[in-house]
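Thank you all for making time this morning.

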Amino acid sequence: MGVFDNVDEQTKARLVRVWDGMNELDRDFFVDQVALSLSIWGSDEAGRGLVAKILARMMEDGSRNLSDFGLYVDSVMEEAGGRHEKVRKAGLIIDDYRLRNALSSVPHKEIGL
């Protein structure tokens, strides 16, 4: 079973559309944040599963840029189980990364009127 097996097809399609619409710099920021997370959580099934949950949550929330990844790390705290402390640590490190790279502190979302 893959880490994206519990993610519905519509969410997966949105992820691909968001990725396709991103510029190269935002793609690099996204990859860096995921790499930082996995270096702390581990790149095993559980660590990759946390990444998949964050990505699904981002799409549910309407994020339009995967570079927002670090803003959603805390959203998986309850589901992290024994990795709770590692999720918190990754969140702190990613917050510092986002600050150093002057990334937005709010998700890129379309606001419906």
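Let me begin with a term: a residue is called buried when its relative accessible area is under 20%, exposed when it is over 50%, and partly exposed in between, using a 1.4 Å probe and the protein chains only. By that rule serine 63 is buried, because its relative accessible area is 2%.

Before I go further, a word on the source. This is a predicted model, in which local features need pLDDT of at least 70 and side-chain atom pairs count only at pLDDT 80 or more, while totals for chains, interfaces and linings use all residues. Residues are numbered from 1 along each chain as its sequence is written, and side-chain values use heavy atoms, with hydrogens and water left out.

Back to serine 63, which lies in the loop between helix 3 and helix 4; helices here are DSSP runs of H or I with at least four residues, numbered from the N terminus. If we leave aside neighbours within four places in sequence, serine 63 is in contact, meaning heavy atoms within 4.5 Å, with Val18, Met58, Asp68, Tyr72, His108 and Lys109. Histidine 108 is 45 residues from serine 63 in sequence, yet their C-alpha atoms are 5.5 Å apart in space.

In helix 4, glutamate 85 and arginine 88 are three residues apart, about one turn, and their closest N and O atoms are 2.5 Å apart. In helix 1, lysine 12 and glutamate 9 are likewise three residues apart, and their side chains meet at 3.3 Å, N to O. Here lysine 12 is partly exposed, with a relative accessible area of 24%, whereas glutamate 9 is exposed, with 58%.

Which residues touch the most other members of the largest nonpolar core? A nonpolar core is a set of buried Ala, Val, Leu, Ile, Met, Phe, Trp, Tyr and Cys residues joined through side-chain atoms within 4.5 Å. Of the 23 residues in the largest one, they are Trp41, Ile54, Leu55, Met58, Leu66, Phe69 and Val87. Helix 1 (9–21), helix 2 (24–41), helix 3 and helix 4 (84–100) each give two or more residues to this core, and helix 3 gives the most, with six. As for phenylalanine 69, the residues that it touches, not counting those up to four places away in sequence, include Phe30, Val34, Val51, Ile54 and Ile94.

So much for the core and the bridges, and I will stop there; I am happy to take questions.

Definitions and conventions:
A salt bridge is a side-chain nitrogen of Lys or Arg within 4 Å of a carboxyl oxygen of Asp or Glu.
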